[in-house]
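Please look through the model shown below, and then work through the questions that follow.

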Amino acid sequence: MRNDSAALRRQRRQWYKAEARQRLGQGQTLFTLILSSLVLIMLTVALTVMVDGFFALFDFGVISVDPPAEDALAAARMALLVFGLLLLLMPLWYGLRGIALTAVCGESCGTGQLFSAFDSIRTLFRVWRASLWIAWRIFLSFGLLFALWWGVGLLDFPLRAILLPGAVLLTPILLLPLVGTHLLFSIMHLRPYLGVFAAIRLSCRLAWRSLWETLTLRLSFIGWFALAFASAGVMLVLYVLPYFILADTAYVQYLLARAAQPITISTEEKNHVQ
């Protein structure tokens, strides 16, 4: 994939966002994405409350445990919450990506697509396998990041001050294992014939080739997410999250379409090179 100029990347970024705004202008698309996002958020909160409520029985002495078992209970709570997120909520996130893809393609979308991962056992197991890979990448990245900053924090002040700039520079490098995770579910929708590991390889390859464009697209939404934070999350559900997902889906569509086409050089480019 050839390198494009900054102006061309900026023009494409504007196109992704304009495409998303155009789809959001359709009332049905916006309503479907808002309702689907609300269902996803409510199920996340409900799962967290259920897990916390169960382990609160131990905290209030309803079920008695020995003090040495408290650490084991904390680990069990975290494990149960993580597996609940993986087994239930990641398939719903896969369905939300499918809704966005349908909207970007100009087709009618419905809230029922949110549960599309549960249509067949094969699809559900594909999503679970992909979710485990995403969870592993997140664990690896943040585990290494925690180890780095925890290690720097243990050092004495002079040595800590010397190594602090290096830790700051290493931080984005340790987050590189997350590359490709944001593309995976969209690729699984757009290339359903691919196996899970083939889709993972494709998502990583496309993400590496377009790392800077991906980063600039994400950074262009900082203002929107700041507005969502200032509105206590109301704008996040009502506009920002649907806007972000639609723009990101249009971006993934472009990456896959470009990867499927051979690289051609125009006559002007040939003359310029010569």
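Q: Which helix supplies the largest share of the lining of the largest pocket?
A: In this predicted model, local features need pLDDT of at least 70, side-chain atom pairs count only at pLDDT 80 or more, and totals for chains, interfaces and linings use all residues. Residues are numbered from 1 along each chain as its sequence is written, and side-chain values use heavy atoms, with hydrogens and water left out. Helices are DSSP runs (H or I, at least four residues) numbered from the N terminus, and those that each supply at least two lining residues include helix 2 (27–59), helix 4 (121–154) and helix 10 (234–260). The largest share, 10 residues, comes from helix 3.

Q: Which residues lie nearest the centre of the largest pocket?
A: A pocket is an open set of points on a 1 Å grid over the protein atoms alone, where a 1.4 Å probe fits, with protein on both sides within 12 Å along at least five of seven lines, and lining residues have an atom within 4 Å of a point. The lining here has 41 residues, and those nearest the centre are I134, I138, F142, L178 and T181.

Q: How many helices does the chain have?
A: Read along the sequence, the pattern is α-α-α-α-α-α-α-α-α-α-α. The chain has 0 strands, and its helices number 11.

Q: What percentage of the 274 residues in the chain is buried?
A: Buried means under 20% relative accessible area, with a 1.4 Å probe and protein chains only. Among the 274 residues, the buried share is 39%.

Notes. Buried means under 20% relative accessible area, exposed over 50%, partly exposed in between (1.4 Å probe, protein chains only).
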